[in-house]
Amino acid sequence: MTMKKYEVTIEGQVYQVTLKELTAEEAEQMPQTAAPSAAPVEKPAAASTGSPVVAPMAGTILSIKVKLGETVKKGDTLCVLEAMKMETPVLAPADGKVASIEVSENQTVESNQQLLAI
């Protein structure tokens, strides 16, 4: 039996998990479909409103330049992302109000991860 440890990030929260590698015999004995063990998790209402603004690349959020509910114009700097020792401003794609902020300063983000919504 081989156990492997992984670190998984879900919506900015880091979890450590251990997975057991099954033998072929154990895998054959597993049911083809498993019943859900819990009710599905719903996203908070704030995350579902507005248009998502995503990270153009993996990096670290250096600063957040807007506040929740603030009105922004297309081209305004929403936050600054640092990647490979370069600072990249993340700009508002359209006029609107900041509907949600999904990240915090000094947080590491992946490419295409939602940063906020307008």
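Predicted model: local features only at pLDDT ≥ 70, side-chain atom pairs only at ≥ 80, totals over all residues.
## A briefing on the strands, core and surface

K5 is found in strand β1, which spans residues 2-10. The protein chain holds 2 helices and 11 strands, and along the sequence they follow the pattern β-β-α-α-β-β-β-β-β-β-β-β-β.

**The chain as a whole**

- Of the 118 residues in the protein chain, 21% count as buried.
- The protein chain exposes about 8,800 Å², and carbon and sulfur atoms supply 54% of that area.
- Among contacts in the protein chain with a separation of 6 or more, 50% come from residues 24 or more positions apart.

- Strand β1 pairs with strand β2 (residues 13-21) in the antiparallel sense, over 9 bridges.
- The two strands, β1 and β2, form a hairpin with 2 residues between them. In the turn, E11 has a positive phi of about 50°.
- Within this pairing, K5 stands opposite T18 of β2. K5 and T18 are 13 residues apart in sequence, yet their C-alpha atoms are 4.4 Å apart in space.
- Leaving aside neighbours within four places in sequence, K5 is in contact with V17 and T18.
- K5 has a relative accessible area of 72%, so it counts as exposed, the cut-off being over 50%.

**A nonpolar patch on the hairpin**

- Y6, V8, I10, Y15 and L19 make a nonpolar surface patch of about 460 Å².
- Both β1 and β2 supply at least two residues of the nonpolar patch, and β1 gives the most, with 3 residues.
- L19, one of the patch residues, lies in strand β2. Its relative accessibility is 47%, so L19 counts as partly exposed, a class that runs between 20% and 50%.

**The four-stranded sheet**

- Elsewhere in the model, an open sheet of 4 strands has the order β7-β6-β4-β10, with antiparallel pairing. Its edge strands are β7 (86-91) and β10 (108-109), each of which pairs on one side only.
- Strands β4 and β10 run antiparallel and are joined by 2 bridges. Here G59 stands opposite V109 in β10.
- S63 has its place in strand β4, residues 59-64. Not counting residues up to four places away in sequence, S63 touches C79, V80 and E105.
- S63 counts as buried because its relative accessibility is 15%, and buried means under 20%.

**The largest nonpolar core**

- As a general point, nonpolar side chains tend to be buried together in soluble globular proteins.
- The largest nonpolar core here has 16 residues. The residues with the most contacts inside this core are I61, V72, L78, V109 and L115.
- Strands β6 (77-83) and β11 (114-117) each supply at least two residues of this core. The most comes from β6, with 3 residues.
- V72 touches V66, L78, A92, A94, D95, G96, V98 and I118, not counting residues up to four places away in sequence. One of these, L78, is also listed among the core residues with the most contacts.

Methods:
Residues numbered from 1 in each chain as written. Heavy atoms only, no water. Buried < 20%, exposed > 50% of the residue type's maximum accessible area, 1.4 Å probe, protein only. Contact = heavy atoms within 4.5 Å. Pairing = 2+ DSSP bridges. Core = buried A, V, L, I, M, F, W, Y, C linked by side-chain atoms within 4.5 Å. Patch = residues over 30% accessible without salt bridge, like charges linked within 9 Å, V, L, I, M, F, W, Y side chains within 5 Å. Areas by Shrake-Rupley, 256 points an atom, 1.4 Å probe, with all protein chains shown as cover. Salt bridge = Lys/Arg side-chain N within 4 Å of Asp/Glu carboxyl O.
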